[in-house]
Amino acid sequence: MQTVNTPEISHEAHPDLRVFGLLTFLISESLMFGGFFASYLYLRGATAVWPPEGTEVELLVPTINTIILVSSSFVIHLGDTAIKKNNVTGMRLWYGITAMMGAIFLAGQVYEYWTLGYGLTTNVFANCFYLMTGFHGLHVFIGLLLILGVLWRSRRLGHYSATKHTGIEMAEIYWHFVDIIWIILFSLLYILTLF
């Protein structure tokens, strides 16, 4: 009887490209927001009175929202730092606080929409305002779901650790992206509108 030698199948570890995939996705999202920003600046430059009469922006709630959202970037980073020290409880605490801050931001945005006094189709400024802040709000909501997903998965013993925390890093990266986009939006829609 003859034996057949079969070569062993090698299962070398593939590089983990999840973070690279997320960064690629965020670059594409940046291009989309960049198109919104460029269109807004073009329309602003082509219009004599900006914003048009009856569509003034209020600063108090958006400024509070900005402080909350920017602060949440520091808070979520504390969660990432905690897991890198193998402190799952600390990560849960900081991610839970970040989730609450994100929910408060969204509630503030809903309150602002409710009290503005103009709608999506009032004029071109209102259209830009609702489109950009609404699209950003959708991203905050998705980020909130990612954070809640991390918290849910952290319930399983050993799911996250000092050496196994890619999901936590990805949620943090996404959240920082959302914050950076908001800083640009706040500058364009609220601060620049004052001048």
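Which residues form a positive surface patch? In this predicted model, select R92, R153, R155, R156 and K164, which together make up that patch. Within the selection, centre on R155, found in the loop between α4 (124-153) and α5. R155 has a relative accessible area of 54% and is exposed.

Next, turn to the salt bridges, of which the structure holds 3. Begin with D16 and R18, whose side chains meet in a salt bridge with an N to O distance of 2.6 Å. D16 is partly exposed at 45% relative accessible area, and R18 is likewise partly exposed, at 47%.

Now select D80, K84 and E169, which are linked in a network of salt bridges. D80 and K84 both belong to helix α2 (residues 60-84), where they lie 4 residues apart, about one turn of the helix. The closest N and O atoms of D80 and K84 are 3.0 Å apart. D80 is buried, with a relative accessible area of 3%, whereas K84 is partly exposed at 40%. The side chain of K84 also meets that of E169 in a salt bridge (3.3 Å, N to O). Because K84 lies in helix α2 and E169 in helix α5, this pair ties together parts that are 85 residues apart in sequence. E169 is partly exposed, at 22% relative accessibility.

Finally, move along helix α5 (residues 166-191) to Y174. Y174 counts as buried because its relative accessibility is 2%, below the 20% limit. Display its surroundings: beyond its neighbours within four places in sequence, Y174 is in contact with L22, F25, L26, H139, I142, G143 and L146. For a distance check, the C-alpha atoms of Y174 and G108 are separated by 21 Å.

Notes: Residues numbered from 1 in each chain as written. Predicted model: local features only at pLDDT ≥ 70, side-chain atom pairs only at ≥ 80, totals over all residues. Heavy atoms only, no water. Helix = DSSP H or I, 4+ residues; strand = E, 2+ residues; numbered from the N terminus. Buried < 20%, exposed > 50% of the residue type's maximum accessible area, 1.4 Å probe, protein only. Contact = heavy atoms within 4.5 Å. Patch = residues over 30% accessible without salt bridge, like charges linked within 9 Å, V, L, I, M, F, W, Y side chains within 5 Å. Areas by Shrake-Rupley, 256 points an atom, 1.4 Å probe, with all protein chains shown as cover. Salt bridge = Lys/Arg side-chain N within 4 Å of Asp/Glu carboxyl O. Lys, Arg positive; Asp, Glu negative; His and termini not counted. Charge placed at Lys NZ, Arg CZ, Asp CG, Glu CD.
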